[in-house]
Amino acid sequence: MKRRSFILKSALATSTLSMTGFSVFGQIPKEKPKYHFQLKYAPHIGMFRESAGDDPIAQLNFMADQGFAAFEDNGMMDRPVDMQVAMAKVMKDRSLEMGVFVAHKIYWDSPNLASGNKEKRAEFLEYIRKAVEVAKRVGAKWMTVVPGHRDLKLGMGYQTVHVVESLKQAAAILEPHGLVMVLEPLNFRNHPGLFLTESPQAYEICKAVASPSCKILFDIYHQQIQEGNLIPNIEACWDEIAYFQLGDNPGRNEPTTGEINYQNVLKFINTKGFTGILGMEHGNSMAGIPGEEAVIQAYKLVDPKP
């Protein structure tokens, strides 16, 4: 075969391979594997809007394409049922585990559970019953509960008793379904005046409720502001922690943008054998697609090495 003829035939074969995806042996090259994170990080709707568009379904598929194994959605309770069903199907098809959604109306400026008001307690329990149906529909196990504002007319001891009683009744609703409400302490700077602020307080309440359906959501951003001492406090609360949320401080953006040493914190959590979800409840430090790519790269950087 002449050299020119050989080169032309080789070029044609290469072109055909690139267009068809078949090798000269008739085999389809393996698809490039997606990135594998050691921990189950859960983005939320809107985090990758620039890359995936406004459609929640497209955003879920984008998350799965990047290698994320979970997803959380504070507003899932308020989504139309048909959207909940559609999102659940995508999560099942793409092996995305559902994280938390907010289970009830949160009283940011006035007391509800801390007050002992029976009508407010009844309202809360009705939300919990509705949340059970949502959890079943979307395949969720965890739901966020925030006990609301302090009652400034009552001592903390009385308020704690009222909160514990409400949570015991909520746990009785959740236990038969294997569902878990996770209590989230929130910091004094972003949410002044709330009843639940620190991890030891959440630990005490969970021990008092004494139910597998009442655990702690340890939000590392909030607790860095509220109390610091992150790893020792995580260690002290470990047997009651069911869920983590992440965000750096200051700024509440992705890890590596603030003062928290997420490489060490996540290494500790991984070493403890945590197999649950870590919600990415933060903003993006930069706008647009570059900002979204920066979020993904930040998690690759801080994710514990195998």
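Leaving aside its neighbours within four places in sequence, which residues is Q201 in contact with?

**View 1. Q201 and its surroundings in a predicted model.** Once the neighbours within four places in sequence are left aside, the residues in contact with Q201 are M156, F195 and L196. Because its relative accessibility is 16%, and buried means under 20%, Q201 counts as buried.

**View 2. Helix α6 and what covers it.** Helix α6 runs over residues 156–174, and its 19 residues reach 26 Å from the first C-alpha to the last, which is close to the 27 Å expected at 1.5 Å a residue. Its buried residues are Q159, T160, V163, V164, S166, L167, A170, A171, I173 and L174. The cover over these buried residues includes the helices α5 (118–138) and α7 (199–209), together with β4 (142–145), β5 (180–183) and β6 (214–219).

**View 3. The chain around these details.** The chain contains 11 helices and 8 strands, and buried residues make up 49% of its 306 residues. Among contacts between residues at least 6 apart in sequence, 77% join residues at least 24 apart. The chain exposes about 14900 Å², of which carbon and sulfur atoms supply 55%.

**View 4. Residues 1–30 and the confidence of the model.** Over residues 1–30 the pLDDT stays under 50, and for this stretch the model has 10 contacts beyond four places in sequence. For the chain as a whole, the average pLDDT is 92, and 89% of the residues score at least 70.

How values were computed
Residues are numbered from 1 along each chain as its sequence is written. This is a predicted model: local features need pLDDT of at least 70, side-chain atom pairs count only at pLDDT 80 or more; totals for chains, interfaces and linings use all residues. Side-chain values use heavy atoms; hydrogens and water are left out. Helices (H or I, at least four residues) and strands (E, at least two) are DSSP runs, numbered from the N terminus. The expected span of a helix is 1.5 Å times one less than its number of residues. Buried means under 20% relative accessible area, exposed over 50%, partly exposed in between (1.4 Å probe, protein chains only). Contact means heavy atoms within 4.5 Å. pLDDT is the predictor's confidence in each residue, from 0 to 100. Accessible areas come from the Shrake-Rupley method with a 1.4 Å probe; for residues, only the protein chains shown count as cover.
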